[in-house]
Amino acid sequence: LSDIEDAERDIERLSDELEEERNRLQQLEDEYGELEDEIERIEELRPKAEELDSLEGERQDLRDDISANKARTQDLQESIRALEEAEDPVCPTCGQELTEEERIEEIDDRRSEIQSLKETEEQLEQEVADLEEEISEAEEASEQVARLEDLRGQLSAKREAVGQAEEGIAELKDEIEELEEEVEQKEEVEAELEELDDPRSEYQEQRVIYQENEDAADELDGA
């Protein structure tokens, strides 16, 4: 009976271990799935990350255009001052002397161009601002894509851990099954012995009776 009790205690202990291992496997599988989802999400960001260099180049072109606009505006403002201050104004382009009417016309033309340049510059600044948002998104995407190698390493390690947990569960199930078969066999033997009323005890009892009969016969012979 003690052998059966020992085996049953082992089954209970192994069953607890099996439950813990199953819980661990479930957690590992959940973490594995989360990693897969994260990698898939980041892979979708790759095209955006690959736009980063192009977007930065476009931003630089716009900044160059803005700088050129500012320089042109400054030149125009200086030429306006020169036309306004000159006693004998000449055409800044051809060098010919200008009448008062022509001077006013030249100044108005430059002021009109400055206004146009200002509007263009505002538009360029807005385009730069819009690009900054796209560049920020592309930089973020690029940082995420840079994590892929590490995440794939984690995924591989998690896959290996899942495999080990599955092997551990299979081994525990085999051990429990063997012990259950062992208990079943021993219980069958015990049941058979009980059914036969334990012939070993009956044998001992018959020996005692036989010995008593022998002793009684010896006493009669001695009398």
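Biologist: Where do Lys186 and Glu182 lie, and how many residues apart are they?

Modeller: In this predicted model, Lys186 and Glu182 both belong to helix H5 (residues 148-195), where they are four residues apart, about one turn of the helix.

Biologist: What makes the contact of Lys186 with Glu182 a salt bridge?

Modeller: The closest N and O atoms of Lys186 and Glu182 are 3.0 Å apart, and a side-chain nitrogen of Lys within 4 Å of a carboxyl oxygen of Glu is what the term requires, so the pair qualifies.

Biologist: Why is Lys186 called partly exposed?

Modeller: Lys186 has 25% relative accessibility, and because buried means under 20% and exposed over 50%, a value in between is called partly exposed. Glu182, at 31%, falls in the partly exposed class as well.

Biologist: Why do you also count Glu134 and Lys48 as a salt bridge?

Modeller: Their side chains meet at 3.9 Å, N to O, and the cut-off is within 4 Å, so this pair is counted too. The pair links distant parts of the chain, with Glu134 in helix H4 (residues 100-145) and Lys48 in helix H2 (residues 46-49), 86 residues apart. Glu134 itself is partly exposed, with a relative accessible area of 32%.

Biologist: Which residues are linked with Lys48 in a network of salt bridges?

Modeller: Lys48 is linked in that network with Glu51, Glu134 and Glu137.

Biologist: What makes Glu43 and Arg46 a salt bridge?

Modeller: The N to O distance between the side chains of Glu43 and Arg46 is 3.1 Å, and the rule asks for within 4 Å, so the name applies. By this rule the count comes to 19 salt bridges.

Note on methods: Residues are numbered from 1 along each chain as its sequence is written. This is a predicted model: local features need pLDDT of at least 70, side-chain atom pairs count only at pLDDT 80 or more; totals for chains, interfaces and linings use all residues. Side-chain values use heavy atoms; hydrogens and water are left out. Helices (H or I, at least four residues) and strands (E, at least two) are DSSP runs, numbered from the N terminus. Buried means under 20% relative accessible area, exposed over 50%, partly exposed in between (1.4 Å probe, protein chains only).
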